[in-house]
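Subject: Structure for you to look at

Hello,

Here is the structure I promised to pass on. Please open it and keep it beside you while you read my notes.

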Amino acid sequence: MQVAARLEWVRRYFGLTQKEFAQSIEVLPTTYSNWRRCSQNLSLDGAKRIRQRYGISLDFLFFGEAHNLPAQIRAAWDARADA
């Protein structure tokens, strides 16, 4: 699974629109859209903002390693339909 798909999963897990998610991590909605569409790579700064706001590890965002996720989020990740 790609970074963009994990970003979308995180956004949906928290029940946010794309605009709300972008605002919550203080990036422009177009920036988030570019990450989601893979027309721009997720920046380290963006990933750090997601980590600070939601507790999502950089290992998860960039590499899909779920072991550092908070327990409740990790359980939801493990239970997803496309696992």
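This is a predicted model: local features need pLDDT of at least 70, side-chain atom pairs count only at pLDDT 80 or more; totals for chains, interfaces and linings use all residues.

Residues are numbered from 1 along each chain as its sequence is written, and side-chain values use heavy atoms, with hydrogens and water left out.

**Helix α1**

Start with α1, which covers residues 3-13. Helices here are DSSP runs (H or I, at least four residues), numbered from the N terminus. The buried residues of α1 are A4, R6, L7, E8, W9, V10 and R11. Buried means under 20% relative accessible area, exposed means over 50%, and partly exposed lies in between (1.4 Å probe, protein chains only).

What do the buried residues of α1 pack against? They pack against α2 (18-24), α3 (29-36), α4 (44-54), α5 (58-63) and α6 (71-79). Contact means heavy atoms within 4.5 Å. After α1 comes G15, with a positive phi near 70°.

**α1 against α3**

The axes of these two helices come within 8 Å and cross at roughly 125°. Axes are lines fitted to C-alpha atoms, for helices over the stretch in contact, and angles run from 0 to 180 degrees between N-to-C directions. α1 and α3 are therefore oblique to each other. Angles under 35 degrees count as roughly parallel, over 145 as roughly antiparallel, 65 to 115 as roughly perpendicular, and the rest as oblique.

On the α1 side, A4, L7, E8 and R11 take part; on the α3 side, Y32, W35 and R36. The residues of this contact divide into 4 nonpolar, no polar and 3 charged. (Ala, Val, Leu, Ile, Met, Phe, Trp, Tyr, Cys and Pro count as nonpolar, Asp, Glu, Lys and Arg as charged, and the others, Gly among them, as polar.)

T31 also lies in α3. T31 counts as buried, at 19% relative accessibility.

**Helix α4**

Now look at α4. Its buried residues are G46, A47, I50 and Y54. Seen down the helix axis, they fall within an arc of 100°, so they line one face of α4. The arc is that of the directions from the helix axis to the C-beta atoms. The face turned away from the buried side carries the exposed residues L44 and Q52. The cover over the buried residues of α4 includes α1, α2, α3, α5 and α6. G55 follows α4, and its phi is positive, near 75°.

**Salt bridges**

Side chains of opposite charge can pair when their charged atoms come close. How many salt bridges does the whole structure hold? A search finds 4. A salt bridge is a side-chain nitrogen of Lys or Arg within 4 Å of a carboxyl oxygen of Asp or Glu.

One joins R12 and E8, with the closest N and O atoms 3.4 Å apart. Both lie in α1, 4 residues apart, about one turn of the helix. R12 is exposed at 58%, whereas E8 is buried at 12%. E8, R11 and R12 are linked in a network of salt bridges.

R49 meets E26 at 3.3 Å, N to O. R49 lies in α4 and E26 in the loop between α2 and α3, so the pair ties together parts 23 residues apart in sequence. R49 is partly exposed at 24%; E26 is exposed at 63%.

R49 also bridges to D45, at 2.9 Å between the closest N and O atoms. R49 and D45 both lie in α4, 4 residues apart. D45 is partly exposed, at 44%.

Best wishes
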